Amino acid sequence: MKCPECSKQISDKAEVCPSCGYPIKKQTPEGKFQKWREKRLKYLVILCLACLPVGIALKEPVVLILASIGVVAGCIKLSSIKTKRMNRNS
Ligand SMILES: [Zn+2]
């Protein structure tokens, strides 16, 4: 692969560029997937939060219940992802 800083050919396994010392970030596919999942969950929570006032305005208990479940479930999932990551780092 090429170093993003000095464009010299370096090993795929190198953590830093031997020629300029640029740190090569290791983005594992698993890490990317985790981030994407976290992002999607955040959007889900925001979407459900946005549905709460809509449910109140429409006086629609079904919307309120579904939105509440979405917010709670999303928050639980997000916190479980975060604790998992913290455990891995420590
Ligand atoms: Zn370099």
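How many residues does helix α1 have, and what distance does α1 reach from its first C-alpha to its last?

**Figure 1. Helix α1, residues 29–58.** The model is predicted: local features need pLDDT of at least 70, side-chain atom pairs count only at pLDDT 80 or more, and totals for chains, interfaces and linings use all residues. Residues are numbered from 1 along each chain as its sequence is written. Helix α1 has 30 residues and reaches 43 Å from its first C-alpha to its last, close to the 44 Å expected at 1.5 Å a residue (the expected span is 1.5 Å times one less than the number of residues). Helices are DSSP runs of H or I with at least four residues, numbered from the N terminus. The number of buried residues in α1 is one, so the helix lies largely in the open. A residue is buried if 20 or more other C-beta atoms lie within 10 Å of its own, exposed if 12 or fewer, and partly exposed in between, with C-beta atoms placed from the backbone.

**Figure 2. Lys59, in the loop between α1 and α2 (61–89).** Lys59 follows α1. Its phi is near 55°, a positive value in a residue other than glycine. Most residues other than glycine have a negative phi. Lys59 is exposed, with 8 other C-beta atoms within 10 Å.

**Figure 3. Ser7, in the segment before α1.** Ser7 is not a glycine, yet has a positive phi of about 65°. Ser7 is exposed, with 11 other C-beta atoms within 10 Å.

Definitions and conventions
Helices (H or I, at least four residues) and strands (E, at least two) are DSSP runs, numbered from the N terminus.
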